[in-house]
Amino acid sequence: MKACGVIAEYNPFHNGHRYQLSEARRMTKSDVMVVAMSGNFVQRGAPALLDKWTRAEIALRNGADIVVEMPILGSVQSADLFARAGIRLLQAMQCDAFAFGAEEGTAEDFISHSRFLREHEAEINRIFQTYRNDGRTYAAQLETAIAEILSPQGSAISFSTPNNQLGLAYVKENEQFPEPMETAVVLRRGAGHNDSEAFGEEFASGTAIREWALHHGKQSEGNDMGRFVPEETLEALERLPLLDWAPYWGMLQYQLMLLSHAELRNIYQVEEGIEYRLKKEAEDAADFMAFIRRTKNKRWTWARLQRVCTYILLGITKAEAHAFQEKADTIRLLGFTEAGRRYLNSLKKNTEIPIVTKVREPHTAGLQLEIRSDRIYRLGGLPVLDEQNFTRSPIYIRNELHNLK
């Protein structure tokens, strides 16, 4: 069976995701679609709108065959580290191909650009170091350094858009493996990645859908969200608690006021003296959004601060992050279809990394951080949100769903 992998968050799952799965299956002629999905906290440093089990089931009913969970220290990361965790997980699942969405370009565009950057890595780093103290963000400095190297030859496509940047990170990581997966690029349709307004007949961005759901109410007049999401997503948005940072602000504020500067410095990615600014602004901020507005500056962007706040909320230390980066040794299976079951049966005989189907004890090796994170996540949705680990078995969807369009 040929397997194609996708790295996703499905926050929430919408028509664009369904289209991507269908197109990736068609383009790669794959029998099985494997999704490496963020768990209950997502890449930009925020609680997922819907819990991981709900998002996994929706994906399985709309074109995915296997959903495995990206570890918290892989999912809540900058683009390069997010890509590393996702590609390594798809490689561990022995995918033959992988696909991602992009604003423009072909697989060859991304591969050739990745190889060009690798060949000129030393020169890019040298130029990058000259910008280190100019007050701009890391991403802006790096983009300028790359542009200087590229200027004589240019590039066929732009790599400044969010999906193209992430796609390039995927390809760079995939190219590091002795046997890289086949690469497929699915061009986006409809709204852009971060567009806050939904438009078009069928497609809207996840950002627009989240903002509508959170700020306009589930049953508000004029709610036409059903145009942009499958019926399973619409039903979940109407039935379940929708989470963002709001219900966790008091917990984070307590942590920031309780921990000393020295204790905060033990938390992953708390650096450059940001602990002083975090503690100072936490005491008087009315809510999480106000806190971030007061704390952000040129070097500490909104997304970077949100990720640090997630690590503080979850108590993730530098030592725990180092241990994860040294060795990620567990795959958490969230669900599968009948085709996925057949693929998993053959995979288990060959994979070196154990696939966990049920968490049976409080200190299961390789999943301590996920268990802790899920317990804290659940506090934001009580009493509706179910226990996230010990009472759960993988979701099994018996129907074949390969012909979804």
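I began at Ile 66 and listed its contacts (heavy atoms within 4.5 Å), leaving aside neighbours within four places in sequence. The list holds Val 32, Met 33, Val 34, Val 35, Leu 60, Met 93, Leu 333, Gly 335, Phe 336, Gly 340, Tyr 343 and Leu 344.

A note on the source: this is a predicted model, where local features need pLDDT of at least 70, side-chain atom pairs count only at pLDDT 80 or more, and totals for chains, interfaces and linings use all residues. Residues are numbered from 1 along each chain as its sequence is written, and side-chain values use heavy atoms, with hydrogens and water left out.

**Cores**

I looked up the nonpolar cores next. I took a core as a set of buried Ala, Val, Leu, Ile, Met, Phe, Trp, Tyr and Cys residues joined through side-chain atoms within 4.5 Å. Buried is under 20% relative accessible area, exposed is over 50%, and partly exposed is in between (1.4 Å probe, protein chains only). The largest core has 49 residues. Ile 66, Met 93, Phe 110 and Tyr 170 have the most contacts inside it. Helix α4 (residues 79-92) supplies the largest share of this core, seven residues. Helices (H or I, at least four residues) and strands (E, at least two) are DSSP runs, numbered from the N terminus. Another core, of 39 residues, lies apart; among them are Val 42, Leu 252, Leu 305 and Ile 316.

**Strand β6**

Is β6 buried or exposed? Six of the six residues in β6 (residues 97-102) are buried. I checked both faces. Ala 97, Ala 99 and Gly 101 are buried on one side, and Phe 98, Phe 100 and Ala 102 on the other. For pairing I required at least two DSSP bridges between two strands. Strand β1 (residues 3-8) pairs with β6 in the parallel sense over three bridges. Val 6 stands opposite Ala 99 there. Strand β7 (residues 182-187) also runs parallel to β6, joined by six bridges. Here Phe 98 stands opposite Thr 183.

**Cysteines**

I searched for disulfides (cysteine sulfur atoms within 2.5 Å) and the count came to zero. Cys 4 is buried at 0% relative accessibility. Cys 95 is buried at 7%.

**Helix α13**

In α13 (residues 274-282) I found Ile 274, Glu 275, Leu 278, Lys 279, Glu 281 and Ala 282 buried. The buried residues of α13 pack against α11 (249-258), α12 (261-264), α14 (288-295) and α15 (302-314).

**Salt bridges**

I used a side-chain nitrogen of Lys or Arg within 4 Å of a carboxyl oxygen of Asp or Glu. The whole structure gave 19 salt bridges.

I opened Glu 235 and Arg 239, whose closest N and O atoms are 2.5 Å apart. Both lie in helix α10 (residues 231-239), four residues apart, about one turn of the helix. Glu 235 is partly exposed at 37% relative accessibility, and Arg 239 is partly exposed at 48%.

Then I followed Arg 304 in helix α15. Its side chain meets Glu 271 in a salt bridge (3.1 Å, N to O). Glu 271 sits in the loop between α12 and α13, 33 residues apart from Arg 304. Arg 304 also meets Glu 272 (3.5 Å, N to O). Glu 272 is in the loop between α12 and α13, 32 residues apart from Arg 304. Shared partners join Glu 271, Glu 272, Arg 299 and Arg 304 into one network. Arg 304 is buried at 18%, whereas Glu 271 is partly exposed at 36% and Glu 272 is partly exposed at 47%.
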